[in-house]
Amino acid sequence: RRLSEEEFIEMSKQEGTIILDTRSLAKYQKMHIAGAVHLNFPDITEETLRQVIPSQQTRVLIYCNNNFVNGPESFPTKRARASLNIPTFITLYVYGYWNIYELGPVLDPSKSKLVSALGTKYSTGC
């Protein structure tokens, strides 16, 4: 369920889709895809998921630090098999959210079509 940049952009525009960012608040504030909803991974519970994701049928697009290179600040890259997308996907699935898709490629925010299509925030004041 890994998406190309183009697929991620197209799906993000469709009704019933949210972009979920489960990285730390500090990383989210430094850089995130505009429109992404933040829910810190350790804070995921049934209640917090219900507050952030309207229904279990909602399409959820996820991404993590591993999707960015050459950002405004260095983001620690994990091994692909240890990226935050894997535990996020598993956790969402266990809570009954099965309509989950992951941004696949590694993107340079200054050159990304995703950034120009959705706008990426580079701000500590989000």
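1. Some ground rules before you look. Residues are numbered from 1 along each chain as its sequence is written. In this predicted model, local features need pLDDT of at least 70, side-chain atom pairs count only at pLDDT 80 or more, and totals for chains, interfaces and linings use all residues, while side-chain values use heavy atoms, with hydrogens and water left out.

2. Start with strand E5, residues 59–62. Strands (E, at least two residues) are DSSP runs, numbered from the N terminus, as are helices (H or I, at least four residues). Arg 59 and Leu 61 on one side of E5, and Val 60 and Ile 62 on the other, are all buried (under 20% relative accessible area, with exposed over 50% and partly exposed in between, using a 1.4 Å probe and protein chains only).

3. Now see what E5 pairs with (two strands pair if DSSP finds at least two bridges between them). Strand E2 (residues 17–21) runs parallel to E5, joined by 4 bridges, and Thr 17 stands opposite Arg 59. E6 also pairs with E5 in the parallel sense, over 3 bridges; here Leu 61 faces Tyr 101.

4. Next, find Pro 105 in the loop between strand E6 (100–103) and helix H5 (113–118). Pro 105 counts as partly exposed because its relative accessibility is 26%. Beyond its neighbours within four places in sequence, Pro 105 is in contact (heavy atoms within 4.5 Å) with Arg 2, Leu 3, Ser 4, Glu 5 and Asn 67. Phe 68 is 37 residues from Pro 105 in sequence, yet their C-alpha atoms are 8.7 Å apart.
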